[in-house]
Amino acid sequence: MLQQVDSNLHKKLLTREELDAYDPESESWQKQFARRYTHHSELTGVLNNLENVNETVYNKFAIAISPTMVKLMDRDDPNCPIRLQYLPSHHEESKPGFATSLDQLGEEGDTIAGTSVVHRYPRRVLFLVSNTCSTLCRFCTRKRMVSQPAGTVAKDQIEASIDYIAGNQDIEDVLLSGGDPLTFTDERLDHILGELRRRAPHVRFLRIGSRMVVQMPTRVTPELCAMLEKHRVQMINIHIDHPKEITPLLRERVKLIQKAGIMMGLQTVCLKGVNDSVEVMRELFMQSIEMGVRPYYVYSTDMVEGAHHFIVPHRRMLELYEGLRGWISGPAVPTFIVDGMGGLGKLPIIPSYVREEARPDGSGTTVKCRNYKGMTVEMPGLGQDFSLPTQSN
Ligand SMILES: *Cc1c(COP(=O)(O)O)cnc(C)c1O
Ligand code: SF4
């Protein structure tokens, strides 16, 4: 006899009443995962002023949004910072005045053949384990693989990746990313992390990048944390773009991770209309350090197809940085980064506060210093070399 299945269990929450009544803590993350909205028309009963985008957006990038994230969206305001990050818009179809690509960072070129390991920098690798996320960001830098069937990370690719890391004594830092590694079951993650620890004892630092912690905090369970602790995962970087994403539920689950002795970092993408204001960034980074999560990087939006409308100009990013440094707690100030096109790698975007200049009279150099309030001072002593002749014996 067929077992009676509760048909409500995986139902999408198509009305406002159902969504309001929904408690993500009442069910497993897998069940919430099955309730994700995957077409914009599914949201017409829960959000007003919804843009009716052309079906062609789906050819470029799928739509998937967790109920937890939709609950955070403003019901009416189309410019809500959560809506802007996850709902598709007609801007995605327009052509920007510059070159875009699906692999703007040139990661394919640095991927070791047969694996999903990007080995670009000395001593550390990016290990792309999953090709999906719990909720898809419209500006995703890895559109080429995230939720694209062609970009699926196959099981044998993962095994080949572990082989590569095990066989390279130089690799001392492995960053698991994707997609989102936490979309895997505990068992699958347990296997990958266990194999890495067992076969690559030379790896000193093991970290995971995950936005699922934020998009579906119930993914973080005591069982998951115990498993991560067992494999000595040292750091988890989460991705938050707006203070609205920091909820009591997120804080509670972050604490579970921290109790497992794992340090936590924050990554943010600088997005026009979402967080390109000093006030929003100050609030985001202060809330982040309040929960013990250290702001690590602010990335400029990558020039991937369908994301150009989010790009914040370089000069504005410098202003945003200047609005943080000196004005809020030092540990709350992240490094601003642009990932150089074609595989150049991460490059810091840093205003110049201290500059060495030639003296007008030709007598060497002086160092001009400027503080966060715009006060300046010259420090000629910093332009000199006071080293003494070395003594020989
Ligand atoms: C970002 C990144 C890393 C890690 O860089 P850190 O600056 O050490 O955090 C490693 N490999 C690739 C390809 C990356 O893009
Ligand atoms: S969480 Fe990261 S990898 Fe996943 S869709 Fe968003 S930007 Fe892309």
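Start by selecting R123, which is in the loop between β1 (117–121) and β2 (124–128); helices (H or I, at least four residues) and strands (E, at least two) are DSSP runs, numbered from the N terminus. R123 has a positive phi of about 65°, although it isn't a glycine.

A quick word on the ground rules: this is a predicted model, where local features need pLDDT of at least 70, side-chain atom pairs count only at pLDDT 80 or more, and totals for chains, interfaces and linings use all residues. Residues are numbered from 1 along each chain as its sequence is written, chains are lettered from A and ligands numbered from 1 in the order in which they are written, and side-chain values use heavy atoms, with hydrogens and water left out.

Next, pick ligand 2. Which residues surround ligand 2? Show C133, L136, C137, C140, G179 and R211, each with a heavy atom within 4 Å of the ligand. By class, that shell has four nonpolar, one polar and one charged residues. For this count Ala, Val, Leu, Ile, Met, Phe, Trp, Tyr, Cys and Pro are nonpolar, Asp, Glu, Lys and Arg charged, and the others, Gly among them, polar.

Stay on G179, in the loop between β3 (173–177) and α7.

Now colour helix α7 (residues 186–199) and helix α9 (residues 222–230), which pack at about 5° with axes 10 Å apart. Axes are lines fitted to C-alpha atoms, for helices over the stretch in contact, and angles run from 0 to 180 degrees between N-to-C directions. The two helices, α7 and α9, are therefore roughly parallel (angles under 35 degrees). D186, L189, D190 and L193 of α7 meet E223, L224, M227, L228 and K230 of α9, contact meaning heavy atoms within 4.5 Å.

Last stop: P348, in strand β9 (residues 345–348). Its C-alpha is 4.5 Å from that of I337, eleven residues apart along the chain.

Note on methods
Angles under 35 degrees count as roughly parallel, over 145 as roughly antiparallel, 65 to 115 as roughly perpendicular and the rest as oblique.
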